[in-house]
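Subject: Structure for you to look at

Hello,

Here is the structure I promised. Please open it, then read my notes below.

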Amino acid sequence: MATNRLDGVTEKLIPTSLGLINVRVGGRPDGPAMVCWPSLMMDGTMWQYQYEHFAPTHRVVLIDSPGHGKSDALRKLIDLKDCADALVEILDALAIDTCVLVGNSWGGMLAGIFPAHYPQRTAAAIGINCTASLPTTAESIWATALSAFLSLHATMPPLAAKAARAAFAGPTAEATNPEFTEFTHSVLRNDPKSVAWALRSILIGRKDEHRRLHTIQNVPALIIAGEEDSQFPVHVVRKMADAIEGSTFRVLPHTAHLAARENPDAVNAEIDTFLTTLPTPPAPAPPATV
């Protein structure tokens with residue numbers, strides 16, 4: 001099992017329009033802000049390898065998304081604009097003017113639309129294993145059945161771990177990465193009713209956002225696909241990247257849907273290369289006490 005790489009973070013519950021959102025803040029206090037939003041069924045701890053890698057140079061913020069981890073339960077339908085608004089409230093509470101927003105799956109979709117709504121708060125956007133397309137029929141059927149099943153339970157049923165493993169782990173991880181496949185069981189920590197609402201909101205209820213992405217200007221963007229991602233295949237992720245003017249698109253071989261956690265070395269290397277292309281940011285404001 002992996003060791004805990006989050007030593008030195010502090011945690012705070014921040015009031016937002018989506019309830020109290022738990023954040024972990026660490027790294028270099030005077031560094032540029034890097035904010036990480038996780039995949040559905042995951043919490044902020046999925047970013048442990050990014051935290052370890054970027055903490056020496058960045059002020060790193062790891063978010064437990066609505067209804068996940070230590071954030072308030074989710075009991076209503078939300079959309080990506082709601083998440084973007086809540087993220088602005090988090091940035092304001094932490095006195096962060098602009099950030100590099102990094103997201104995987106749900107977080108990657110948010111990283112796409114956030115600069116469309118709030119370009120002035122986005123130094124750069126990095127979306128991993130993400131889409132701007134409507135759900136397919138098969139995806140809707142699968143997610144609807146899973147959300148209905150989860151909504152019947154007070155604690156996360158073991159079947160949810162099997163569903164997460166099937167969704168997140170590709171052939172390479174199944175054959176060579178037992179630590180990662182074991183990690184997928186962390187979904188059992190979540191509130192099943194909250195995950196059901198998130199499935200209905202973010203997965204089943206998502207909109208086609210390509211036209212909105214076309215409005216993004218002068219915000220550097222990196223979009224990363226996993227070659228083995230069965231949830232959002234490469235051509236779907238590429239279509240999202242093509243909608244963002246000037247974006248950089250990369251495909252990671254032998255990598256599935258939770259690339260930031262399954263293949264962190266490759267993801268971190270792509271982010272490092274991308275960050276070298278960014279203009280030098282202005283000195284950040286003094287961090288808020290957390």
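First, the ground rules. This is a predicted model, where local features need pLDDT of at least 70, side-chain atom pairs count only at pLDDT 80 or more, and totals for chains, interfaces and linings use all residues. Residues are numbered from 1 along each chain as its sequence is written, and side-chain values use heavy atoms, without hydrogens and water.

Six of its seven residues are buried, so the rest of the structure largely encloses strand 6. Buried means under 20% relative accessible area (1.4 Å probe, protein chains only).

Strand 6 pairs with strand 5 (residues 99-104) in the parallel sense, over six bridges. Pairing takes at least two DSSP bridges. Gly-103 has Gly-127 as its bridge partner in strand 6. Strand 7 (residues 221-226) also runs parallel to strand 6, joined by four bridges. There, Ala-221 stands opposite Ala-125.

Now helix 3. Of its 12 residues, 10 are buried. Trp-106 and Phe-114 are among them.

Last, Asn-129. It sits in the loop between strand 6 and helix 4 (137-150). Asn-129 is buried, at 0% relative accessible area. Its side chain makes a polar contact of 3.2 Å with that of Asp-229. It also reaches the backbone oxygen of Ala-256 at 3.0 Å. A polar contact is a pair of N or O atoms within 3.5 Å; within protein, one must be able to donate a hydrogen and the other to accept it, and residues adjacent in sequence count only if both atoms are side-chain atoms.

Best wishes

Terms used. Buried < 20%, exposed > 50% of the residue type's maximum accessible area, 1.4 Å probe, protein only. Helix = DSSP H or I, 4+ residues; strand = E, 2+ residues; numbered from the N terminus.
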